[in-house]
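Here's a quick tour for anyone meeting this structure for the first time. Have a look at the sequence and the 3D view, then read on.

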Amino acid sequence: MEIKVAKKMLRANDEVAASNRRALGEAGVAAVNIVGSPGAGKTALVERTVLALKGRMTIGVIEGDIATARDAERVAAAGAQVVQLSTGGACHLDAGMVAQGMEEFDLAKLDLLLIENVGNLVCTAHFDLGEGRKVLVVSTPEGDDKPAKYPAIFMRSNALVINKLDLAEAAGCDVSRIRREALELNPELDVFEVSCRTGKGLDGWLNWLTEPAAAKS
Ligand code: MG
Ligand code: ZN
């Protein structure tokens, strides 16, 4: 019985996601759903991205958080238009929440919409938001065993950003293992090794994000 309810819920979500995708596509907005554990560095990646692309692209950011507007404040300070979605306890964004967030923007004026999901590696894999591409952020202190433990999110993402490269050695994290096991699960994954703190490795990520394929929502 519960399984039926969950399936129905996901089907309703998929319908709203399709309508989001249509609206984004018509407005020519490339939308990216950024997922990852709490503390992986999703907000830091958004901040770095907004700062790096300032003046080149008009970027909107939807910040999903269970509570507080702290991340939205950080991203606004970096120079993006930000909408804060407080999920009131929900551990992931769904397409309906994103539809509400999208209403706050003039989509015709945006080039890129970054959607920072709630920190979570589980249900974020199953809720389509209407994005063009999904990006998974993992960080080296989380360990190098995440692909095997959370395969769905690795299989459903288009890019993997391995953050906190500067801490890998101290954390005893084998970055090549993350890369290898992630690619075994999903050979299509584009993998970037970065440090949002030092700025290392971000050029490849920024190229991926701004390449023409990003416009095809
Ligand atoms: Mg955050
Ligand atoms: Zn959830």
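A polar contact here is a pair of N or O atoms within 3.5 Å; within protein, one must be able to donate a hydrogen and the other to accept it, and residues adjacent in sequence count only if both atoms are side-chain atoms. This is a predicted model, where local features need pLDDT of at least 70 and side-chain atom pairs count only at pLDDT 80 or more, while totals for chains, interfaces and linings use all residues. Residues are numbered from 1 along each chain as its sequence is written, chains are lettered from A and ligands numbered from 1 in the order in which they are written, and side-chain values use heavy atoms, with hydrogens and water left out.

**Around Asp 144**

- Asp 144 sits in the loop between S5 and helix H5 (146-149); helices (H or I, at least four residues) and strands (E, at least two) are DSSP runs, numbered from the N terminus.
- With a relative accessible area of 13%, Asp 144 is buried (buried means under 20% relative accessible area, exposed over 50%, partly exposed in between, using a 1.4 Å probe and protein chains only).
- Its side chain reaches the backbone nitrogen of Asp 174 at 2.8 Å, and a polar contact of 2.8 Å joins the side chains of Asp 144 and Arg 177.
- Setting aside neighbours within four places in sequence, Asp 144 is also in contact (heavy atoms within 4.5 Å) with residues including Gly 172, Cys 173 and Glu 181.

**The zinc ion**

- Cys 91 (SG), His 92 (ND1) and Cys 123 (SG) coordinate the zinc ion (ligand 2) at 1.9 to 2.2 Å; donors are N, O and S atoms within 2.8 Å of the metal (3.2 Å for Na, K and Ca), and water is not among the atoms, so sites may look incomplete.
- The pair of cysteines links distant parts of the chain, 32 residues apart: Cys 91 is in the loop between strand S3 (81-86) and helix H4 (95-102), and Cys 123 in the loop between strand S4 (112-116) and strand S5 (133-139).
- Cys 91 is partly exposed at 34% relative accessible area, whereas Cys 123 counts as buried at 17%.

- Not counting residues up to four places away in sequence, Trp 205 touches Leu 45, Thr 49, Val 135, Val 161 and Phe 192.
- The H2 and H9 axes come within 11 Å and cross at roughly 75° (axes are lines fitted to C-alpha atoms, for helices over the stretch in contact, and angles run from 0 to 180 degrees between N-to-C directions).
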